[in-house]
Amino acid sequence: MRLSPMASAASLVLAIASLLDTYAQAKDLSTYVRPLTGSTNGGNTFPGVSLPYGMVKLGPDLYTGSDSYSGYQSTGSFIGFSLLHESGTGGAPKYGVVAQMPANGTVDNPLADQSVNRSRADESRLGYYKSSLSNGITVEMGATGRAGMFKYQFPDNTSDPSVIVDVSHVLSSYRGQGLGQNYLGGNISVKTTDAGIQYQGAGSYDNGWNRAPKWTVYFCGYFDQAATFKTFLGKNTTGDDLSDYSDATSQNSSDARLGAVFTFDTANVTSRVGVSFISSEQACANVDREIPAGTELDTLEANVKTAWNDQVLSKITTNDTSNTTRLELLYSSLYHMSLIPTNKTGENPLWSSSEPYYDDIFTFWDLFRCTTSLMHIIQPVAYEELIRSLVDIWRNEGFMPDARSSFFNGATQGGSNADNVLADAYVKGVRGAVDWEDAFAAMVTDAETTPPNNNDPRDTSSSTKEGRGALPDWKDRGFITTKFKRSVSRSIEYAGNDFGLYQVAKGLGKDDDAQKYLNRSRNWRNQWNPDLEALGFKGFLGPIDEDGNFVDQDPLGCGGCYWGDDYYEALPIEYSFNAHHDMNKLIELQGGADNFTARLEKFFEGGVSSDNGQFNHTLFNPGNEPSFTTPYLFNFVGRQDLAVRHSRFTADSYYAPTAGGLPGNSDAGAMESWLLWSMIGLYPLTGQTTFLVGSPWFKDLTIDLGGDDDKKLVITSTGGDGDDDATYYVQSLKVNGKDWDKAWVTWDDVFANGGTMDFVLGSDPADWATGDAPPSPATESS
């Protein structure tokens, strides 16, 4: 029987996918993960041990006099090794609690400075971490979801090898913004059990990057060796004076440092520690279940590798193994974008619920552009759980978070960008157990209810905790005045948020609401000042004073570009490219396709900016999210080749699988997800079903889309050798076996049921994308 061309293509897809599945199963993809990638030079990634979205992130805490956001720094002194961290955050450190610190000899005062330098660089591989201290002690670490293991090797000649458990240990901040964490008291008790000497208790803390109020973590630890112990109690929460240091079996205080010192008569000591946010009993249950007595560190490492391989790394596979650096970038990026948010289901102390609970969201302002959309594709179960968790937070607290940590919303930098995340999920068919009526009601809260002012010293004009603090202007005037800080950047984000409400309302059949929010999504146009001029171009988003008059503004400057300014962390020219739901109108306001193209090219030209020296003085800033989508906007004006040129140059120039290999703060995986989309050869427009076409990096790539029907997207490319960085221009494209002449595809084309994309690449640009431009839904619906 002769197969039809479509049947032949389908058979080929299945054959390729089956081959790649076999390869992924045979290959330990964790060998390509470099956990130290992005850990220095401001990347702030966590290089210790964690499961995907795991609650425990076990690693070192170092002191340099500057903020150790993930605990780790490549220089400085060890001050402890703790179980809770975040990855790729900013503002101020969070966590660094439930810690141990080894010491040689008698510990006269456990509250005194116990810091120790390195003797060599730390060793890090997926599932394993080792620190070598200058006093001869080594600390090896492993972890599970809610417990961790320390394996200490003391020098053979050490007398009285000891481990200090200081409940007051927490990562500090030195930036002077009032965001430093504080220890607020705790308790500890010690006893001997059949499983060895055990300690358990709790510590309470506050603050951090989200200005959180008091929260409490419980712990339960064991040592595998016999030990003597002393407990200690300080005189206050910060000093090093002791009020008690004795063989008392417990200490409890709300206003003093406390802990215990364990002393051994052997050079090899292993400790198992569990954590919980519910109770010390649950912390004990967590460690007893996940790391029972006798568990070997090698077993934990193997289990962590298996989890990452099965749950994350195997979701994107390739047979093109000729370029190891690219494989390391691929799998290290998948790793770092999957560390947080944290799955704390069953560990929420604030309310009981059958819904999942996710915490440590840093932040949707950073993640909504391209990270959550990739999470949807490669982690559909966790993604749906995250959506459900957001709605459940609204049910119980009144607002969804734009950012959240230690069970508290905080650090809303612009809009209510959970709206964008929910809209993206809805238009791409996420249904499952999501209650979309409740989800839309949560979005309406963001769109209609002004949150109470939390009087953040960085911006006292309105709330930075949650919701949209500048709603009074947005609703009443259709723009945001300088009465509210970050007025211009908030306006473009509020417009995108309202577009998200339009999308969900339309899908739910709420026609009046849909029209209302579609109209509001166009209000960014009211913030457009046609008289602002720079570099020969006129028209930019500009500030408006309280009388409704435009304020003069340099489109190439934004003052401090921070909480108290008109633009947050990006230039006016950057934000003036961000109306991604209304691109046809944006292009019109910028003078048409030719002028828009010229403005984009100037944006990427070196030597134009007085700043951005690390990026050749371009106005484009690859280290910050408002610039993320801009390279791909060339697809709207028939220059897909320039989208490829600039996105590939950015990736090749500013990303590497090294400690300094990110162009900016990881922002909880935002940077890494941008790179992953570049490698795949697509880029999402959040809240829409559109994906802009780039250029794939590998000769073949298979994305496992999950589900019971084994769906896959298979991407191939020919014409490039995989190493020649100049051979990346698209010459032609077939989608699902059919010739394709558009520089975009939809969710239904390649993701809803799987599909194929077959690229032919070359060293010169080709005019292949002659079909329709990408949709501009807010414009087309007018």
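In which sense do strand β29 and strand β32 pair, and over how many bridges?

Reply: The model is a predicted one. In it, strand β29 (residues 729-735) and strand β32 (residues 755-762) are paired in the antiparallel sense, over six bridges. Within this pairing, Leu733 has Phe759 of β32 as its bridge partner.

The pair belongs to an open sheet of six strands, ordered β18-β27-β28-β32-β29-β30, in which the pairing is mixed. The edges are formed by β18 (316-317) and β30 (738-740), each of which pairs on one side only.

A second open sheet has three strands in the order β25-β26-β31, and its pairing is antiparallel. Its edge strands are β25 (682-684) and β31 (744-746); each has a single partner strand, so one side of each is left without a neighbour in the sheet. From one strand to the next, the twist averages 30°. Strand β26 (residues 690-693) is joined to β31 by three bridges in the antiparallel sense. Across that pairing, Thr690 stands opposite Thr746 in β31. Helix α17 (residues 670-680) packs on this sheet and touches β25 and β26, with its direction at about 135° to that of β25.

Helix α17 also takes part in a helix-helix packing. The axes of helix α6 (residues 371-378) and α17 come within 9 Å and cross at roughly 65°, and the crossing of α6 and α17 is left-handed. On the α6 side the contact involves Thr371, Ser373, Leu374 and Ile377, while α17 contributes Ala670, Ser673, Leu676, Trp677 and Ile680. Sorted by class, the contact of α6 with α17 comprises six nonpolar, three polar and no charged residues.

Two further helix pairs can be described in the same terms. In general, two packed helices are described by the angle between their axes and the distance between the axes.

For helix α8 (residues 418-427) and helix α9 (residues 436-448), the axes come within 10 Å and cross at roughly 150°. That angle makes α8 roughly antiparallel to α9. The crossing of α8 and α9 is left-handed. Helix α8 supplies Asp419, Leu422, Ala423, Ala425 and Tyr426 to the contact, and α9 supplies Trp436, Ala439, Met443 and Asp446. By class, the contact of α8 with α9 has seven nonpolar and two charged residues, with no polar ones.

For helix α11 (residues 487-507) and helix α12 (residues 511-521), the axes come within 8 Å and cross at roughly 160°. Here too the angle has a plain reading: α11 is roughly antiparallel to α12. Helix α11 passes α12 in a left-handed crossing. The residues of α11 that meet α12 are Ala495, Asp498, Phe499, Leu501, Tyr502, Ala505 and Lys506, and those of α12 are Asp513, Ala514, Tyr517, Leu518, Arg520 and Ser521. The class composition of the contact of α11 with α12 is eight nonpolar, one polar and four charged residues.

A search of the whole structure finds two disulfides. One of them is formed by Cys220 and Cys284, whose sulfur atoms are 2.2 Å apart. The torsion about the S-S bond of Cys220 and Cys284 is about 95°, so this disulfide is right-handed. Cys220 lies in strand β12 (residues 215-223) and Cys284 in helix α2 (residues 280-290), so the pair ties together parts that are 64 residues apart in sequence.

Two details of backbone geometry complete the account. Most residues other than glycine have a negative phi, and most peptide bonds are trans. Against that background, the peptide bond from Ile340 to Pro341 is cis, with omega near 10°. Pro341 sits in the loop between α4 (324-336) and β19 (342-343). Tyr53, a residue other than glycine, has a positive phi, near 55°. This tyrosine, Tyr53, is placed in the loop between β1 (49-50) and β2 (57-63).

Technical notes. Residues numbered from 1 in each chain as written. Predicted model: local features only at pLDDT ≥ 70, side-chain atom pairs only at ≥ 80, totals over all residues. Heavy atoms only, no water. Axes fitted to C-alpha atoms, helices over the stretch in contact; angles between N-to-C directions. Helix = DSSP H or I, 4+ residues; strand = E, 2+ residues; numbered from the N terminus. Parallel < 35°, antiparallel > 145°, perpendicular 65-115°, else oblique. Left-handed = near helix turned anticlockwise from the far one by under 90°. Contact = heavy atoms within 4.5 Å. Nonpolar A, V, L, I, M, F, W, Y, C, P; charged D, E, K, R; others polar. Pairing = 2+ DSSP bridges. Disulfide = S-S within 2.5 Å.
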